[in-house]
Amino acid sequence: MKLPSQLLLFGLVRFAFSAESDESLLWGPYRPNLYFGLRPRIPNSLMTGLMWFGTHDYQSISRTRHTCEQGDKLDSYTWTEYDAHQGGVQVIQDSANNVKIITEFLKVPGGDHGGSWAARVKGEPIKSDVPSRISTIFYFGLEGLGGLEMETDEDENGVQGDFKLSGSTPELDDFVVRVVDGPNNTAFKSGPHANDFQERIGKTHFIGQPIAPGGIWQAKDSILNALIIRAREVLGSYQDPEAGLPDPSYVLQLPDETYSGSNLFAVQKLFDGPFQFDVFFESGSSKQKLSSITLDQGVPALVNTYGQRFRSVFPFPPDYDKEREQSLEAFSKAITSNLIAGVGYFYGTSIVNRKFSFEWDEEEDAAQGNAQEEEGDEVQPEARLTDPKALLTATPSRSFFPRGFYWDEGFHLLHIGQWDNDFSLEILKSWIDLIDEDGWVAREQILGEEARSKVPQEFQTQVPNYANPPTLTMAVTAFITRLKAVATSKGPSDQDLGLDFGLGSEAQVPLVTSAPGNKYLDSPEEALSFLKSIYKPLKRHYDWFRRTQRGQIKQYARKARSRIEGYRWRGRSDLHVLTSGMDDYPRGPPHAGELHIDLISWMAFFTRTMKEIAGYIGETDDEITFAEIETAILGNIDDLHWNTEKNMYCDVNVDDEDESYHVCHKGYLSLFPLFLSLLPPTAPQLGHILDLLRDPEQLWSSYGIRSLSAAHPEFGQGENYWKGPIWVQMNYLILRALHTTYAAQPGPYQARAKAIYSELRKNIVDNIFKEYERTGYVWEQYDAITGQGKRSHPFTGWTSLTTLILSEQY
């Protein structure tokens, strides 16, 4: 299939525009909301998806698997190995249909358009003595310019042998898709009325349909609708109750027809027992012909290489029992792989309301204005759709949160970056590209109708004065730390390379060796260029934070070393501060005079990051300015937020007499200066924080640090989201601070920090692993009393940090 030359030229221009990206990262399972969905990082292009249902009864089709759903009640589904440049293996356990499905995906480089790929879908019964009869449907949908054509000869009773499509798009150019049966597939041939369907049994069935622009994400509905229409027609001939109905596998079949202008093709296969089929995408510019041998040889080699590299990057710790090495390594590989294979590419509009605010935000926001208003732009008072944008992002949960979350992403990138530095920077750059001219980026990236379909309407609209914890800065500091490690391993001093960021000789950095995905680590010039490219938008973002989240100090005669360094989250309600990330954590009543300890701590960390980047890229004046701001913020953390009576850090609020008072709730909020290593190792506050941390009547448990003190009257009450449950990313921050700072550097609390670190690390790892083995999943949070997994699953977003905790990669 050929496209007109002008469209090919258009595609070459667009593809060349993104050629700075590694072409091995073009294709991937970038539809993480599906159990298995492949697409390229191109806004409108080819997309694939896998569906399956049981054919042991007529009801199973109503439970067709396609999008990841907690309601499907699968035993487990996880990528056991996945590398963003090569591919990987996923294992899906579906007891309701008595089938274990394995999906294999292998990237094959070559040609000028992002290479080819091969996928294998195979299944086997979970219980060998129970029937396992499965129908799979693999579909190909094309959005945007281009076309798809069926090359296989059509037959109203299905096709034998390979199923072949040809296609072309401006970016991918010409390509061929083939679906090829495995050698030992068996169809169910002995069901009721089998003789009536002899011409169709054992064949591949199909449909080709024209789908309106933007509708491929709803492929499941279109495909199943065609199947059900045909099934009703077939069943019309079987009305005799005594004769009974035909076996479902003979009836629940696609109609074997295509329509003019089809841009969605679905390929159905029906199996009895074990099965296998391969899917090949062959780029026209690649000379390599793919076959089953490609997968037979390529996948075992990938798995072997992955295992060797995993043991190098995340070595098994010597303080753990060697008898547990195999099971803990398999667990760590799975949660790492599912995190990286859970990266999605999203493109579409979002909903923004530039004028909404709560009453306690209105007066200040009106005074501050925003960049659009200052420039004289017309600002619409109601929610509006934005222009479409693209984002490459990890996702917290493939089933429940299959989209980008700002405050989750920094934690995701800590883990991804340790495995694949370059991929983490691709994701980081994609997020930074979303920072607008005012310096704002939405805290939730709900791009397009497919993403919005998973979000309740009341949470879809984003507001441009709402922030989120600036965790993307953690990815930047982690990159700088890896640069420091590489520079040290090569010999020259940090000072010679301009990499001494005040971390000192005590700083602990992981050893980084050259590997795929390390282009920026192997080239100081590339690293410098990257940091320069993100510096201006990050600085704009930083300035936006300081301008829009500013708190009031002198208005309430508060005493502090700095008269301006106080901060308050905008967008809170009476019961929630969603923008803080700790939604229902207890706070004081909403007031324009509030000051939040977590936000000022994040701003200290953000400032320190900007200081480090400025120093590295030679922005000396900025470096000096950031250092001065950092000093001012650190001073105000103590002056404004330390309560000497309760010996803890607290929020600040204002009473009816306009007098300031501390709002103190023992929990994560009290720990933020520790979380982000803002306290010197000799600070007296550190001793009080460690006492609170280790008190089993307060925050300490055998499963991790609780989010709220067990002695608090609201512990476990209401939504109980941040009122006790254990969150892995917060425990990671504690462990990182203890390991790299307070247990590593001399001070009066060093020995205590070491003891707490060792015990807490074991508690976290052991509980998450125990729950993984018990349930098949890692979870969003863990019960503060029992340690059991709670809420969303699989949650291989920041819960996957367990791999870093186990291997002590901080």
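**Figure 1. Crossing of helices α5 and α20 in the predicted model.** In this predicted model, helix α5 (residues 325–341) and helix α20 (residues 750–775) have axes that come within 11 Å and cross at roughly 85 degrees. Helix α5 is therefore roughly perpendicular to α20, since angles of 65 to 115 degrees are placed in that class. On the α5 side, the contact is made by Ser327, Leu328, Phe331 and Ala334. These residues meet Val765, Ile768, Phe769, Tyr772 and Glu773 of α20. Sorted by class, the contact of α5 with α20 contains seven nonpolar residues, one polar residue and one charged residue.

**Figure 2. The disulfide between Cys650 and Cys664.** The structure holds one disulfide. A disulfide is a covalent bond between the sulfur atoms of two cysteines. Here the bond is formed by Cys650 and Cys664, with their sulfur atoms 2.0 Å apart. The torsion about the S-S bond of Cys650 and Cys664 is about 100 degrees, so the disulfide is right-handed. Cys650 is located in the loop between β24 (648–649) and β25 (651–654), and Cys664 in the loop between β26 (660–663) and α17 (672–675). The pair therefore ties together parts that are 14 residues apart in sequence. With a relative accessibility of 1%, Cys650 counts as buried. Cys664, at 17% relative accessibility, also counts as buried, because the cut-off for this class is under 20%.

Figure 3. Five strands form an open sheet in the order β3-β8-β14-β12-β13, and the pairing is mixed. Strands β3 (46–54) and β13 (257–258) are the edge strands, each pairing on one side only. Helix α2 (residues 219–235) packs on this sheet and touches β3, β8, β12 (205–209) and β14. The direction of α2 makes about 60 degrees with that of β14. Within the sheet, strand β8 (residues 133–142) and strand β14 (residues 264–272) run antiparallel and are joined by nine bridges. Across this pairing, Phe138 stands opposite Val267 in β14.

Figure 4. Strand β11 (residues 173–181) is mostly covered, with seven of its nine residues buried. Strand β10 (residues 163–169) is joined to β11 by seven bridges, and the two run antiparallel.

**Figure 5. The hairpin of strands β4 and β5.** Strand β4 (residues 76–83) and strand β5 (residues 87–94) pair in the antiparallel sense over seven bridges. Three residues lie between β4 and β5 in the hairpin that they form. Thr78 stands opposite Val91 in β5. Strand β4 is mostly covered: of its eight residues, seven are buried.

Figure 6. Val108 belongs to strand β6 (residues 99–108). Its relative accessible area is 7%, so Val108 is buried. Leaving aside residues up to four places away in sequence, Val108 touches Gly115, Ser116, Trp117, Gln288, Leu290 and Thr294. The C-alpha atom of Val108 is separated by 9.3 Å from that of Gly87, which is 21 residues away along the chain.

**Figure 7. The three-stranded open sheet β18-β17-β22.** An open sheet with mixed pairing is formed by three strands in the order β18-β17-β22. Its edge strands are β18 (384–385) and β22 (461–462), each of which pairs on one side only. Strand β17 (residues 351–352) pairs with β18 in the antiparallel sense over two bridges. In this arrangement Val352 stands opposite Arg384 in β18.

Terms used:
Residues numbered from 1 in each chain as written. Predicted model: local features only at pLDDT ≥ 70, side-chain atom pairs only at ≥ 80, totals over all residues. Heavy atoms only, no water. Pairing = 2+ DSSP bridges. Helix = DSSP H or I, 4+ residues; strand = E, 2+ residues; numbered from the N terminus. Contact = heavy atoms within 4.5 Å. Axes fitted to C-alpha atoms, helices over the stretch in contact; angles between N-to-C directions. Buried < 20%, exposed > 50% of the residue type's maximum accessible area, 1.4 Å probe, protein only. Parallel < 35°, antiparallel > 145°, perpendicular 65-115°, else oblique. Nonpolar A, V, L, I, M, F, W, Y, C, P; charged D, E, K, R; others polar. Disulfide = S-S within 2.5 Å.
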